[in-house]
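Welcome! Here is a short briefing to read alongside the sequence and the 3D view.

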Amino acid sequence: MALFVGEAAAQGFNAFNGRNHPELQWQVAETENFRIMYPARLQGIEAEAAAIAEASYAALAANLNVSFDDPIRIYLSDEDEIVNGFAVPLGNGYTNIWVHVNAYAEAFSGEHKWLRKVIAHELGHIFHYRAINFRPVHDTVLGATPLTRLWTEGLAQYQTERWDAQRGDRWLRTATLEDRLSHTDGQSRWNGRLLYAKGHSQVRYFATTYGDSTLADLLAHRSSRLFGLRQVHDFTSAFRAVTGDTYRDFEERWRRHVGVYYNTLAGQLESPDSLDAAPLAVPAQYVDDVRYSRDTTQVAILGTRSLQRPVRQLWVRNRTADRTRAVAEGSIRAPLAWHPDGTALAYTRTTRGRHGSLLNDLFRLDLATGREQRLTHSRRAAAPTFSPSGDTLAFIGVEGRTANVYLLDLATGTETQLTGLTGNVQLTSVQWHPTADLLIAARFADDRRRDLVLIDAQTGRAMPVTRGLHDDRDPRWAPDPTGTPRLVFTSLRDAVPNVFRLDLHPEIVAFVQGERAAPAVTLGTTERASHLITGLRATDWLPADSAFAEGSLIVHSQDTKRRDRLYRVDARRTATGFHPDPPEGYAAWTTHAPPQPIPDAPAPNDALITGRYPYNSWRNLTRVTALAVPYYLGPRDWGVAGAAAWTEPLGTHTLAIGGALSPQEPWDRSAYGLVYLNNQLRPTLGLAAYRTPIYASTTYGTDVLLDRRTSLDLTLGLPLDLAVQPYTSTSLGALVRLVDLEPVNVSDLDLRQLPPPEPGQQLEGQLLLKRVERRPQQGQTVHPLSGGGARLQVRGAVPALGTDTAFLRGDLAAYRILPAPGVHRLFVYGRAQVQTGRSLPQDYFGFSRTDDIRLSFPGGIGPLQAFTFGRTERVRGHRQFAPGRQMLFGSVEYRVPLVPSLQTQILGLVRFGGLSASVFADAGVVWRTLGTNATDRRTGVGGELRSVIALPGLNAGLAVGVAQQGQDAFGAAYETYLRIRTAVPF
């Protein structure tokens, strides 16, 4: 049932951002086919969303022959700056969408504004789910595969979007030309983008080849299951039935088709070899930004070192000393900005803001001291750039759906709005001229033009300098402080990025600076600098030197999906601009459209709204699943087991019930349980009530102690937003538990080392404070390369409500992974426990004869997971119990990775991960064992092999080892052991 709870709880905004937002007052606006939910502070957005949703409904219903009996729910929130939305196939289907996200204009291309793009796309998913009558658990049990991720995303894109650069072409083009079309090969940071591109392209090619009516027929097809009693949609069966071809054959034809298309284009355009330059050496496999200091003696590089350790890092290379050092890491976003004197960098971080929201703020890094200063708080800021004097930062600030340029006085912290843009406007970058009070910004205007805008830094007066007919972005000033202002920018007009130069006429500059009337020349002069088949992006323009008389460009290439490359090329480089011609018929899929396209920009329409009222979370409780199956464990132990779960789309309520009913002995042999999670307040509150006839509570004696248990648990989980520290989380947990325990197998236990377990009732409370640092990496569960944590737990019981025990126990544990030669690591772990009072004998701590099982649940199950760690330790090499009143334990391991993966799967469900080896030394001491004043000291040494077994929703670390007692090291006596334990204790 815990897995049902975890699945049900992972359906709201808080499943992505990890925070509750009780400050939001949710409202509902009803239309003919939708209920639109939004915080009261977003009033006005419902009219825009209603127009887009109803227009999308009409088109999708006509294209896919689908309709709905009940309104579809749309949830809109600005609680985070997350460029995303998701659709959920529960109930009638619903979608959660983050709004007012300026960064989408950089992540996507094309003319569609965010609400138009994301609402239509997510509704595309919901119509897909309805067309195939998707029921996740039901379909899986019946052995159907109704969805493939490739076509799920592809169908939504085809029905609601055009084929363009960021959503498709540049990623598919590179992978095709490299002949690496797999999006699951683990070889690229961009495989997620490639998945969308492949799916989009395949559905377009399918519709072009077979027709749009065949696409609708494919979704409507059903296959028989359970001897014809059930009809389900199975993708591969449906594909063959409606087309006469297998999907595998179709995919091969599609691969050849796009291969001809892109290779023909490649024969007409520049290749990376035409740059005639060697790649620059950088410490990153993938590069987000590269910026040179004003004097070019230093270069800042933002990127990801490798896919194996996908930590985003910021490096600074001293070109004079030829030395590179990492200066920062974490959620740093491009672009970077150098202080004019080269002593500091400014950038944006996505970090926790007001109410725990994930927002973008400005930071300044002092390179001499390494001190990072937070300049803004919850500002929704981006793209900082220093003034020529270095005393002011210009940046993009966002209010609602409108972005403007602001100035921040670094001495006083005073913020001033510079531009007066209004409406649905996004800015993706801004850069200050190196010597003049001029700014250049990339704008996605309210009328859906994408242009470059020249801005006076004193008055905010602005003028577009490109036509806005293309997707022009990322402008960079030329370093020459004299003469006509020049800049270089990147354009996506070729469906991939390419580089262009722009010269600004003096009349334009004079007009913007208020020195003359409207100029006769209204646009700059544009010249193409590249026309590469896989694209090129300019990151910086360096001054002239002995090798480059007019300076050089630092350009960024993605001609392979496996890594990024940087080159230095002549700033005077030119390329021919023309439209390449693919073979006749091979480009049709790129422009094919569904029969009824969705309008590009439906006008907001308040008349569509038929009702408004406050949101009621309980009325929106939605069933996740309900499942019942018979079971048979013996002549006296059979019955029906089942579970059901419900959730509310905002994650406010999650409820799961389950049990196993045995008609033979309904009370003694049946199990019942209920779990409820509440996210209405800042902490997550949980209630769990259950009764189990058999509960494996702990190892005791030579066996596992089984008890009959009835329990009522109240839990609290609260994430704490402390100082900004990348890859680190801090949380507070609490538990109150009333439990009745009845041991059932005492006669089967060997109790020569332990007192007999006792039945009893206990009212206990726990407090848990935990801080964990964990960087992302492949093989984290087997051989983590960095990280650490500390955990403090206080647990006690009081003799109230007729309960039997009274004690107080403290438990402090910490670990750290330390660097060693190469990728070897030193793991250090320590733990201390102390207790006063009397607990039940089986609720002991100290040394056990076997290892506690410690598992990892990916994603966790809220506060219910906070109390699943073991209470005992074992000094490997020893097999005797030693319960006591105080305990100290320590372990040191030297770990060596052997293979990254065992490449083994069983039935497609069980996967074995990598393999590592270690040598270790354990030591510990327990005082006042078995109620005496005796002390038990132990040491152990040995070696261990570790792997991981990955199951759906569960990772189980598996270790096999050989150990000896410390005093018998290298002697003949040893033990072999198997234990299930994660690579880190928590």
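Where is the place of H100? H100 sits in the loop between β5 and α4 (104–107), where helices (H or I, at least four residues) and strands (E, at least two) are DSSP runs numbered from the N terminus. This is a predicted model, in which local features need pLDDT of at least 70, side-chain atom pairs count only at pLDDT 80 or more, and totals for chains, interfaces and linings use all residues. Residues are numbered from 1 along each chain as its sequence is written, and side-chain values use heavy atoms, with hydrogens and water left out.

**The whole protein**

- The protein has 14 helices and 52 strands.
- Its radius of gyration is 31 Å, close to the 30 Å that the globule rule gives for 986 residues, so the protein is as compact as a globular protein of that length. The radius is taken over C-alpha atoms, and the rule is 2.2 Å times the number of residues to the power 0.38.
- Along the principal axes, the C-alpha atoms fill a box of roughly 100 × 70 × 50 Å.
- Of the 986 residues, 54% count as buried; buried means under 20% relative accessible area, exposed over 50%, and partly exposed in between (1.4 Å probe, protein chains only).
- Among contacts (heavy atoms within 4.5 Å) with a separation of 6 or more, 60% come from residues 24 or more positions apart.

**Helices α9 and α12**

- The axes of α9 (residues 191–210) and α12 (residues 247–266) come within 11 Å and cross at roughly 100°. Axes are lines fitted to C-alpha atoms, for helices over the stretch in contact, and angles run from 0 to 180 degrees between N-to-C directions.
- That makes α9 roughly perpendicular to α12, a label for angles of 65 to 115 degrees.
- On the α9 side, K198, S201, Q202, Y205, F206 and Y210 take part, and they meet Y247, F250, E251, R253, W254, H257 and V258 of α12.
- The residues of this contact divide into seven nonpolar, three polar and three charged. Ala, Val, Leu, Ile, Met, Phe, Trp, Tyr, Cys and Pro count as nonpolar, Asp, Glu, Lys and Arg as charged, and the others, Gly among them, as polar.
- The 20 residues of α12 should span 28 Å at 1.5 Å a residue, and its end C-alpha atoms are 28 Å apart, which agrees. The expected span is 1.5 Å times one less than the number of residues.
- Buried residues of α12 include Y247, F250, W254, Y261 and L265. The buried residues of α12 pack against α7 (149–160), α8 (165–178), α9, α11 (235–243) and α14 (588–591).

**Helix α10**

- In α10 (residues 212–220), D212, T214, L215, A216, L218 and L219 are buried.
- Their packing partners are α3 (45–64), α5 (114–131), α7, α9 and α11.

**Backbone spots to look up**

- H100 is not a glycine, yet its phi is positive, near 60°.
- R380 also has a positive phi, about 55°, although it is not a glycine. R380 lies in the loop between β15 (372–374) and β16 (381–386) and counts as buried at 14% relative accessibility.
- A cis peptide bond joins A334 and P335, with omega about 5°. P335 lies in strand β12 (residues 332–338).

**Around P89**

- P89 is found in the loop between β4 (85–88) and β5 (94–98), and is partly exposed at a relative accessible area of 22%.
- P89 and R135 are 46 residues apart in sequence and 7.3 Å apart in space, C-alpha to C-alpha.
- Leaving aside neighbours within four places in sequence, P89 is in contact with Y129, F134 and P136.

Conventions
Angles under 35 degrees count as roughly parallel, over 145 as roughly antiparallel, 65 to 115 as roughly perpendicular and the rest as oblique.
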